[in-house]
Amino acid sequence: MTVWFFWSFVAASNGILIPLFKEKFGLEQWQAQLVDFAFYIAYTVGSILYFIVSSAIKSDILNKIGYKNGIVYGLIISALGTLLFYPAAEMKSFPLLLSALFIVGLGFSLQQTATQPFMIALGPPETGSHRINLGGAVNNLGGTIGPVIISFAIFGSIAADAAKNATIESVKLPYLILGALFVLMAIFFKVSKLPRITNDEEVEIGTGVLKYPQLILGMFAIFMYVGVEVTIGSNLGEYLKVTQGLDSSQISHYVSMFWGSMMIGRWTASISNFDVTPTTKKLLTIIVPFVAFAIVLGVNTLHGSDMSDLYAYGICVLIMIAAFFYCDEKPVRTLLVFSGMGALAMIIGLVSSGTVTLFAFISGGLFCSVLWPCIFSLGTAGLGKYTNQGSAYMIMMICGGAVVPVLQGIVADTIGIQQSYFVPIICFSYLVFFGIRVQTVLRRQGIDFDNAVVTGGKGH
């Protein structure tokens with residue numbers, strides 16, 4: 001779960017880099033979104049390389065080196081990417097900064113491909129999604145803290161002239177420190193007593209897994225899910241600058257609240273990992289979200305942000321809690337309800353203004369929060385010996401985080417930033433379709449998740 005922290009730390013921090021780079025390099029909104037494109041397209045490239053190398057050696061890579069070593073090598077690759085930030089910032093080269101993020105993402109691709117089947121293999125398969133939920137809870141702690149720390153490291157304060165005084169060179173130190181942490185984590189994993197685990201079944205190399213319709217549907221679902229998660233947060237800074245008149249140094253607590261909303265949902269979903277009575281579980285489902293909400297407020301308050309304008313966001317948290325009780329940990333129902341509520345939130349944001357629109361867009365984080373393990377579990381259900389390949393194909397589709405934000409950036413440059421949020425509505429709508437369709441597909445194969453398996457929320 002420790003590596004999950006860094007995935008979201010870096011991903012969420014992109015929301016701080018995007019407006020900074022846009023201002024300092026004089027970019028259009030779609031060009032600034034190339035920050036996300038470079039980072040997330042690396043997942044697709046990494047997955048393709050995974051298949052090419054596996055085919056060349058006629059053996060599945062992870063089955064050859066083990067899941068633990070896959071994480072170690074992935075951390076080392078990401079560390080190399082952070083080293084590139086130094087010359088890129090010195091040269092004030094936007095393409096080189098994008099290349100650095102690409103290499104970091106390439107390492108994350110290998111880490112994610114290895115980590116999730118590893119976590120499932122470390123315990124009973126029927127509770128694998130619960131362990132993924134717990135990873136997701138740690139994941140978005142990184143997403144909540146990341147924007148705050150990176151913003152402080154770059155700007156130093158939230159004063160009105162902080163963004164004006166910041167330079168591209170300011171990104172060097174925080175990313176070099178991050179690289180050092182990656183190296184320390186690689187050493188930690190290498191010397192740890194975690195077992196060397198591979199897939200026990202005969203592993204197939206190639207495209208045979210694509211005969212399973214649930215995987216195909218799931219791949220598009222991952223594309224849309226990661227796309228909508230990233231695009232809401234990454235375009236939020238531009239929305240705040242245009243509609244609220246804020247500069248790059250003053251948006252971190254709103255970006256943090258979006259990613260913190262993901263944490264609120266995932267912490268709530270993680271309650272199932274603990275052996276508690278039904279009554280205690282119900283109480284925790286009410287208490288834990290507000291504890292997470294308080295942590296987000298507290299972290300940003302320590303940073304110096306006035307969070308009073310976000311206190312009323314607790315109403316959105318209450319709505320999410322009600323959804324949890326209704327969904328009763330059933331993955332298909334959870335997918336349908338949370339995707340539908342995400343689409344509704346975006347519609348409200350489009351037709352409203354001021355605080356209502358801001359809360360609606362930020363609440364997209366609440367409704368994205370539990371979707372990943374639902375999609376991942378449903379998309380890879382029943383794959384057997386193709387599980388590693390299916391996992392790599394699913395990770396490949398994280399490229400939605402590269403494509404969708406750029407698409408929304410183009411729309412924003414054309415019709416306006418607030419109006420561009422119809423793009424997330426399309427993404428959420430597909431996820432509703434996926435939930436309906438994949439349930440039918442799996443039932444034909446004798447798999448009924450909502451009646452046979454208890455599951456919950458996520459972590460990318």
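Is H253 buried or exposed?

## H253 in helix α12

H253 is buried, with a relative accessible area of 8%. Here, buried means under 20% relative accessible area, exposed means over 50%, and partly exposed is in between (1.4 Å probe, protein chains only). H253 sits in helix α12, residues 252–269. Helices are DSSP runs of H or I with at least four residues, numbered from the N terminus. Setting aside neighbours within four places in sequence, H253 touches N300, S305, D306, M307, D309 and L310. A contact is a pair of heavy atoms within 4.5 Å.

A quick word on the model: it is predicted, so local features need pLDDT of at least 70 and side-chain atom pairs count only at pLDDT 80 or more, while totals for chains, interfaces and linings use all residues. Residues are numbered from 1 along each chain as its sequence is written, and side-chain values use heavy atoms, with hydrogens and water left out.

Now for helix α1, which runs over residues 2–25 and has 24 residues. From first C-alpha to last it reaches 34 Å, close to the 34 Å expected at 1.5 Å a residue; that expected span is 1.5 Å times one less than the number of residues. At I16, α1 bends by about 30°, and the proline P19 follows within four residues. The bend is the angle between axes fitted to the seven residues ending there and the seven starting there.

Of the 24 residues of α1, 19 are buried, so this helix is largely enclosed by the rest of the structure. Just after α1 comes G26, with a positive phi of about 65°.

## How α1 meets α7

The axes of α1 and helix α7 (residues 94–121) come within 11 Å and cross at roughly 160°. Axes are lines fitted to C-alpha atoms, for helices over the stretch in contact, and angles run from 0 to 180 degrees between N-to-C directions. The two helices are therefore roughly antiparallel, a label for angles over 145 degrees.

Which residues do the meeting? On the α1 side they include W4, W7, N14 and F25, and on the α7 side they include F94, V104, Q111 and M119.

T82 lies in helix α5, residues 67–83, and at 1% relative accessibility it counts as buried. Beyond its neighbours within four places in sequence, T82 is in contact with V104, Y175, L176, G179 and F182.

In helix α16 (residues 354–362), the buried residues are T357, L358, F359, A360, F361 and I362. Their cover includes α11, α12, α14, α15 and α17.

Methods:
Angles under 35 degrees count as roughly parallel, over 145 as roughly antiparallel, 65 to 115 as roughly perpendicular and the rest as oblique.
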